[in-house]
Amino acid sequence: MDKALRPGRWLTYAILFGFALFTLLPLIVIVLNSFRTAVEIGRSSLIGWPAGLAWRNWSEAWGHFCIAQRCEGIRPYMENSFMMVVPATILSTALGAIAGYSISLWRFRGDTIVFAIVVMGVFLPEQMKLIPWALVLRELDLTNTIGALVLIHTVQGFSFTTLFCRNYYIGIPQDLMKAARVDGAGYFRTFWRIVLPLSPPILIVTVIWQFTGIWNEFLFGVTFTTGGQQPVTAALIAIATTPATDVVEYGIESAAVLLAAIPTLLVYFFGGRYFLRGLTAGAVK
Amino acid sequence: MAALRVKGLHKQFGNTEVLKGIDLTVRNGEFAVLLGPSGCGKSTLLNLIAGLEAPNSGTIEIAERVVNAVPAKDRDIAMVFQSYALYPSMTVRRNITFGMECRGVPKPQQLEAVARVAALLQIDGLLERKPSQLSGGQRQRVAMGRALVRDPKLFLFDEPLSNLDAQLRVDMRTEIKQLHGRIRSTIVYVTHDQIEAMTMASRIAVMNTGEIQQFAEPDTVYNKPANLFVARFLGTPPMNTLKARLVRDGDGLAATIGTVKLPLPAQSDAARAFVDRDVFLGLRPECITDSGRPGALFEAEVLTIEPTGAETIVLASVAGERLRARVSPDVRLAPGQRTTFLADTRTACLFDPATEKLIA
């Protein structure tokens with residue numbers, strides 16, 4: 001039986017390996033290029049094994065490479081992204097948790113309609129919201145600020161976080177809410193003392209989702225900020241479109257891209273572990 | 001004094017009328033059981049009393065105070081839920097003190113109350129555990145502790161034993177009954193388990209389709225069911241209700257089923273009015289047996305036999321009417337066989353076929 005299965009299994013692994021390689025190919029090329037000098041790439045091609053380890057690419061990309069006439073590397077833009085992603089993730093998750101809690105556990109007149117309207121936000125294309133946001137930001141005098149991006153991502157993220165949290169909280173038994181009411185716990189005490197302690201699994205999912213989504217977001221960043229206010233995703237494009245010298249610094253660009261991807265990867269690696277742990281430990285009876 | 005008085009209570013969910021005018025008075029210290037099949041409205045009634053739902057009309061008084069407009073937390077009630085509803089993230093101690101914390105009871109008093117309840121329920125050793133580290137029976141105890149710590153005017157139990165396995169349920173049943181004997185508080189207890197109702201209740205309110213069918217002592221509900229529903233709901237197996245004709249028999253009355261004639265004990269005038277009319281004759285299975293009781297003999301055909309060990313339940317047919325009898329386990333019967341049974345009619349009930357009510 002086992003022997004009969006073996007060829008089929010090998011074939012499965014071979015196909016899966018092939019697909020995995022295909023998916024990872026761009027990443028592999030970028031990683032390899034981040035260790036090759038511009039001269040080396042210029043002599044051969046974009047695809048090739050590095051002759052040595054050109055660590056200079058990484059330090060240049062981080063702190064010295066010139067982007068849009070500023071020669072400070074991507075560090076300031078990474079900082080911008082952090083200034084944007086941290087508050088926006090916290091705010092959108094907190095609002096989503098409260099909204100999801102209200103919709104799923106407090107049930108009020110018209111709650112399903114409110115939920116439907118909030119969730120509609122998930123399906124609206126970003127491009128459609130550009131002009132409305134431009135008007136709002138002008139009214140609020142927030143144009144070309146990181147605060148504007150925080151506001152946008154908090155509001156935009158609210159639909160997703162509410163959906164996530166509502167669907168998680170709906171699994172909390174109604175009896176628990178009744179017990180809290182008989183005990184005399186109000187809206188916020190019930191949330192704080194009973195619902196929130198049950199929430200880590202969903203909050204971690206939401207934070208991973210929001211952090212990744214907001215960090216990687218490009219359209220709003222490039223539309224509503226310029227120059228030194230841009231998040232790192234917009235800055236990466238600026239690197240590619242404004243070569244500082246005659247030689248295209250593919251090595252430095254590759255290193256910059258990889259640096260910009262590190263935060264989301266870290267969040268995923270650490271958060272993912274917490275997520276799995278939370279799923280088994282926080283089980284609601 | 002009435003601990004609970006419910007008057008003309010109506011509750012609708014959408015177009016469904018769940019409660020159709022409930023009147024119920026529970027005396028101080030009474031153990032009242034709301035008993036009925038699923039969907040009869042018993043849990044809804046409990047939720048209304050607790051203040052977790054609002055009635056469409058009618059009033060609810062707890063300790064002589066109308067509480068319709070009073071929120072659940074201020075009704076001076078405590079509730080035990082079927083799912084226990086323990087707060088998963090809190091320790092047992094926290095679970096028990098949470099209500100006091102919400103009401104702003106000072107810390108020393110909280111500790112004292114926890115100690116008292118923990119000793120009463122023997123959960124001292126569990127206080128620092130989380131609910132997930134407890135067995136079903138222990139969770140049940142903690143849920144009771146959370147209610148007991150409050151010392152309320154009224155305890156509300158919503159099927160608290162139905163999540164326990166059979167053996168534990170029997171133990172907890174005894175324990176709750178003893179607990180009630182000791183603390184003498186008023187309890188309203190919802191269940192669909194008639195054994196729980198019969199063993200624990202001071203009075204049972206049998207409910208069906210949003211109405212109370214009968215509210216009386218277990219003994220009365222069992223022996224003098226107010227109507228056919230109650231007769232057929234209580235008892236395992238339930239009361240036999242046989243289509244019969246009431247006839248004169250010398251000085252007294254008798255019920256005839258086909259050619260079988262069963263003399264009845266002295267009957268009321270109300271029953272006499274039914275002479276020469278059809279009635280339902282209610283006979284408990286234990287009143288139809290093989291020997292050991294006074295009564296009239298009759299012959300019936302055995303359909304199936306169900307030996308239970310202590311006794312054998314026989315399903316038999318007489319003149320097209322099916323009945324269940326309880327016979328001694330050493331009587332060997334076979335399906336298809338005709339045999340003689342003994343009908344003890346001393347506790348027989350008569351029901352009006354038109355109204356389905358007991359003819360008293």
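This is a predicted model: local features need pLDDT of at least 70, side-chain atom pairs count only at pLDDT 80 or more; totals for chains, interfaces and linings use all residues.
Local features were taken at pLDDT of at least 70 and side-chain atom pairs at pLDDT 80 or more, while totals for chains, interfaces and linings use all residues. Residues are numbered from 1 along each chain as its sequence is written, with chains lettered from A and ligands numbered from 1 in the order in which they are written.

Chain B holds an open sheet of 4 strands in the order S2-S1-S4-S5, with antiparallel pairing (strands are DSSP runs of E, at least two residues, and helices runs of H or I, at least four, numbered from the N terminus; strands pair if DSSP finds at least two bridges between them). Strand S2 (16–27) and strand S5 (65–66) of chain B stand at the edges with a single partner strand each, so one side of each lacks a neighbour in the sheet. S5(B) pairs with strand S4 (57–62) of chain B over 2 bridges, and Glu61(B) lies opposite Val66(B) in S5(B).

Helices H2 (92–103) and H3 (107–121) of chain B pack at about 130 degrees, their axes 10 Å apart (axes are lines fitted to C-alpha atoms over the stretch in contact, and angles run from 0 to 180 degrees between N-to-C directions).

Between the chains, the contact takes 18 residues from chain B and 16 residues from chain A (C-beta atoms, placed from the backbone, within 7 Å). On the side of chain B that touches chain A, H2(B) gives the largest share, 4 residues.

Conventions
Two residues are in contact if their C-beta atoms, placed from the backbone, lie within 7 Å.
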